[in-house]
Amino acid sequence: DLAAGRFSILHFYDRRIRRIFPALALVLLTVLAVGWFTLLPDEYRLLGKHVAGGAAFAANLLLWAEAGYFDVSAGLKPLLHLWSLGVEEQFYLLWPLLLWAATRWGGVAAMTLAVATASFAANLVLTVHDANDAFYLPVARFWELMLGAWLARAAVKGQMPSPRQREAAAAGGAALLLAGFLVIVDDRDFPGWRALLPTLGTALLILAGPQAWFNRRVLALKPMVMIGLISYPLYLWHWPLLSFARIFVFEPSPELRIGLCALAVALAWLTYALIEKPVRHGQPWVVPGLAGTVAAMGVAGALVWGSQGAAGPRFAGTAVPVADLGFAASVPPAYENTPIGSQIFTKSDPGRDFFAETGAAPRVAVLGDSHASRLYAGLKMVSGRSAVNIGRGTCPPIVGAGVRWTRTGEDLDCQPVVDRALAFAMRSPEVEAIVLTAYFSGFGHDRELYDVATGAPLSIEAGLARTLAVLALSGKPVVVALDVPRLPSACVRRGFPIWRGIDTSRCRVSPAQQAEAERPAVRAVHDADTPNVSLLRLSEALCSGNACGEIDPRNLLYARDGHHLTVAGARRVGAALERALPSP
């Protein structure tokens with residue numbers, strides 16, 4: 001169009017609106033409606049925020065701003081996937097203008113290559129610095145769309161490959177896609193170089209064209225073509241279905257997930273046939289109507305957000321339970337940009353947890369796993385103490401110990417990080433008190449502890465006693481915080497509609513059961529018999545009467561997995577730790 005002198009920015013966005021808005025408006029409306037009947041106020045408020053962000057095509061920027069330790073687990077965000085739609089539409093705000101300028105003054109190829117190179121370089125740098133920045137910020141993702149821009153230019157110029165080159169491109173593209181399925185996993189930084197696998201693989205398949213054998217014999221099959229036709233509404237529908245299932249069930253079964261994927265395909269086909277196709281070729285007045293509808297969805301989301309999750313209209317006259325969704329369900333990410341962190345950890349330490357205040361010498365060192373991170377965060381919420389949290393997810397603070405996954409036998413390489421952290425806490429003159437805690441009761445369920453020196457199995461009791469004997473040499477006060485009660489996962493039952501209340505009666509253990517779970521750590525402290533070691537029963541902050549666990553009808557104290565605490569729970573144990581520490 002630019003070459004022919006007939007490009008119109010209005011016509012361009014007319015086509016974008018017809019393509020993007022119909023299915024998007026329907027999914028936003030559906031998610032808001034489902035959330036009205038099923039989500040607690042805190043959850044619904046967050047959903048409203050994401051609806052507003054999705055309608056404004058800024059979901060990636062909102063999610064980027066939220067990312068961090070206090071964020072909600074990705075699987076519990078029904079509109080998480082709209083980050084990519086935000087990146088795409090932000091690209092389409094800039095690309096027509098850049099292309100118009102490059103066409104007018106020449107150098108389309110140079111401009112395309114320059115933008116793609118700069119964006120890919122930003123992707124590599126940001127992935128190393130902070131993978132959240134690289135994942136959500138458009139500057140690190142535009143290069144993926146620029147591959148398509150380069151292909152479009154090649155097609156316009158008639159620069160198509162020879163038959164032999166087409167076959168090689170198709171085979172290479174299919175191989176790269178297959179490699180992407182194997183290499184891209186959720187515990188590795190992304191995008192980085194790994195994003196080349198799906199994007200370059202797709203680009204090669206497109207470049208190969210319809211005559212290449214793989215495209216003709218595989219991608220041209222009717223089921224594959226159908227998936228292509230409904231791919232956009234399928235993209236919109238699949239994640240909300242899976243996310244709501246996780247909200248309700250915690251760990252949906254494979255059968256449920258497969259059924260939801262089938263439902264997503266059915267909804268996508270209906271959306272394509274009944275909404276997308278008629279609207280795409282509808283009258284001109286359809287476009288302002290679509291724009292107004294998506295804008296109305298954005299306003300509705302903003303109202304839900306501003307009204308604290310519509311608590312008043314939905315819970316009128318009844319007690320409103322607070323989900324307190326501050327913590328992710330997964331192991332929190334590392335915060336390592338401090339002088340203290342660089343002394344202990346390197347970038348190659350995966351899964352580590354590190355928190356510290358910049359510019360303040362830590363008076364208290366909290367050592368442990370992700371449970372220690374909750375305790376540390378709770379301490380910081382209720383206290384002005386200078387503190388540091390050093391440890392690593394899944395790794396208990398036990399000297400000379402290794403950890404393996406029980407089912408796979410994979411070694412988590414805990415010992416180097418834990419030993420460095422313990423040495424730092426002992427030797428640092430700024431640290432005046434040391435706190436140890438971990439998910440001790442998790443051993444025997446999914447992890448096993450062993451002695452690195454001998455390879456023999458190691459009990460929590462023996463390992464902790466050995467560690468306390470070493471820490472006693474520092475002469476510093478040591479507080480062993482006994483772990484929180486372990487509850488059944490996803491034990492909370494939601495009423496339907498949600499304003500009928502929630503049932504936490506299954507989220508309980510008896511004080512006797514908790515005392516039995518604490519017994520190995522208690523014996524270790526008694527065996528160590530050192531005057532500078534004290535015990536703190538965190539369970540006392542989470543028990544009432546004859547029950548421990550979800551004891552507060554207005555605040556959920558536990559995350560969905562039954563052993564990580566929410567912000568409300570962390571605040572309770574943090575207050576208990578503050579009382580147990582020596583006066584600052």
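Helices (H or I, at least four residues) and strands (E, at least two) are DSSP runs, numbered from the N terminus. The structure is a predicted model, in which local features need pLDDT of at least 70 and side-chain atom pairs count only at pLDDT 80 or more, whereas totals for chains, interfaces and linings use all residues. Residues are numbered from 1 along each chain as its sequence is written, and side-chain values use heavy atoms, with hydrogens and water left out.

**View A. Confidence along the protein chain.** The predictor's confidence in each residue is given as pLDDT, from 0 to 100. The protein chain averages a pLDDT of 87, and 91% of the residues score at least 70. Over residues 328-359, however, pLDDT stays under 50. For residues 328-359 the model has 95 contacts beyond four places in sequence, where contact means heavy atoms within 4.5 Å.

View B. L538 sits in the loop between strands β11 (533-537) and β12. The residue is buried, with a relative accessible area of 3%; here buried means under 20% relative accessible area, exposed means over 50%, and partly exposed lies in between (1.4 Å probe, protein chains only). When its neighbours within four places in sequence are left aside, L538 is in contact with L375, T437, A481, L482, V484 and V573. R16 is 522 residues from L538 in sequence, and the two are 55 Å apart in space, C-alpha to C-alpha.

View C. Helix α5 (residues 108-129) has 22 residues and reaches 31 Å from its first C-alpha to its last. That span is close to the 32 Å expected at 1.5 Å a residue, the expected value being 1.5 Å times one less than the number of residues in the helix. Buried in α5 are M111, T112, A116, S119, A122, N123, L126 and T127. Because they cover an arc of only 130 degrees around the axis, these residues lie on the same side of α5; the arc is that of the directions from the helix axis to the C-beta atoms. The buried residues of α5 pack against α4 (82-105), α6 (131-136) and α7 (142-156), whereas A110, V125 and V128 are exposed on the other side of the helix.

View D. A disulfide is a covalent bond between the sulfur atoms of two cysteines. In this model it is taken as a pair of cysteine sulfur atoms within 2.5 Å, and by this rule the count comes to three disulfides. In one of them C395 is joined to C414, with 1.9 Å from S to S, and the -70 degrees about the S-S bond make this link left-handed. The pair links distant parts of the chain, 19 residues apart, with C395 in the loop between β3 (387-392) and β4 (401-405) and C414 in helix α18 (residues 414-427). C395 is buried at a relative accessible area of 1%, and C414 also counts as buried, at 1%.

**View E. The disulfide of C491 and C507.** The sulfur atoms of C491 and C507 are 2.1 Å apart and form a disulfide, which is right-handed, with 120 degrees about the S-S bond. C491 lies in the loop between β7 (478-482) and β8 (493-494), while C507 lies in the loop between β9 (502-503) and β10 (508-509), so the link ties together parts that are 16 residues apart in sequence. C491 is buried, with a relative accessible area of 6%, and C507 counts as buried at 0%.

View F. Three strands form an open sheet in the order β10-β13-β12, with antiparallel pairing. Its edge strands are β10 and β12 (543-544), each of which pairs on one side only. Two strands pair if DSSP finds at least two bridges between them; two bridges join β10 to β13 (residues 547-549), and these strands run antiparallel. R508 has G549 in β13 as its bridge partner. A disulfide joins C543 to C548, S to S 2.0 Å, and the torsion about its S-S bond is about 105 degrees, so the link is right-handed. C543 is partly exposed, with a relative accessible area of 25%, whereas C548 is buried at 1%. With bonded cysteines counted along the chain, the disulfides of the protein chain follow the pattern 1-2, 3-4, 5-6.
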